[in-house]
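Visitor: I am new to this structure and would like a short tour. Please show it to me before we start.

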Amino acid sequence: MLDFLYGKKKVILCICLWNICRSPIAEAVFQKMATDNGVVDKWVIDSGATSDWNTGSSPDACGLACLRKHVIETDHRARQVTKEDFMTFDHILCMDESNLRDLNKKASSVKNSKAKIELLGSYDPEKQLIIQDPYYGSDKDFETVYEQCVRCCKAFLEQHS
């Protein structure tokens, strides 16, 4: 749909419930890996939420601290997934079954949906399919999300580069 804008770039969208914990971590990890591997010019990477509760908000402070610990910066602001996203993005990678159900339901109302909707955890070599929401957890829970995202993003990039 927006080929004039993105050309032949691969376009991916990471999704969680609020777009302040898991999906911005995944987006930032993808961005850093693509940059470090010299392929960032071949990718458009974004993240969003199934809900509109935190639209415009920065990522959670614990998530930002976790990313900084790993020398990763982000200036992302939370946004809700739109119908256009299903026509624009090649891959929509979500964090849990609830996200997957919500996205599949939204996609069914979009005529020209091209996005492949799947769990980011389906790429985890350690077979941790679900990336649990760390919002009510500890710094350790954010670190677990980060580690899962690193494994999944690495495998995804290897498979799709």
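This is a predicted model: local features need pLDDT of at least 70, side-chain atom pairs count only at pLDDT 80 or more; totals for chains, interfaces and linings use all residues.

Visitor: Which residues of helix α3 are buried?

Guide: Helix α3 covers residues 61-69. Buried here means under 20% relative accessible area. The buried residues of α3 are G63, L64, C66 and L67.

Visitor: Within what arc do the buried residues of α3 fall, seen down its axis?

Guide: The residues in question are G63, L64, C66 and L67. They line one face of α3, because seen down the axis they fall within an arc of 160 degrees.

Visitor: Are the rings of W18 and Y136 stacked or edge-to-face?

Guide: The search of the whole structure finds seven aromatic pairs. For W18 and Y136, the ring centres are 6.4 Å apart and the planes lie at 80 degrees. Planes over 60 degrees apart count as edge-to-face. The pair is therefore edge-to-face.

Visitor: How many residues apart in sequence are the parts that F30 and F156 tie together?

Guide: Both F30 and F156 are buried, and their ring centres are 5.5 Å apart. F30 lies in helix α2 and F156 in helix α6, so the pair ties together parts whose separation in sequence is 126 residues.

How values were computed:
Residues are numbered from 1 along each chain as its sequence is written. Side-chain values use heavy atoms; hydrogens and water are left out. Buried means under 20% relative accessible area, exposed over 50%, partly exposed in between (1.4 Å probe, protein chains only). Helices (H or I, at least four residues) and strands (E, at least two) are DSSP runs, numbered from the N terminus. The arc is that of the directions from the helix axis to the C-beta atoms. Rings of Phe, Tyr and Trp (its six-membered ring) pair if their centres lie within 6.5 Å; planes under 30 degrees apart count as stacked, over 60 as edge-to-face and the rest as tilted.
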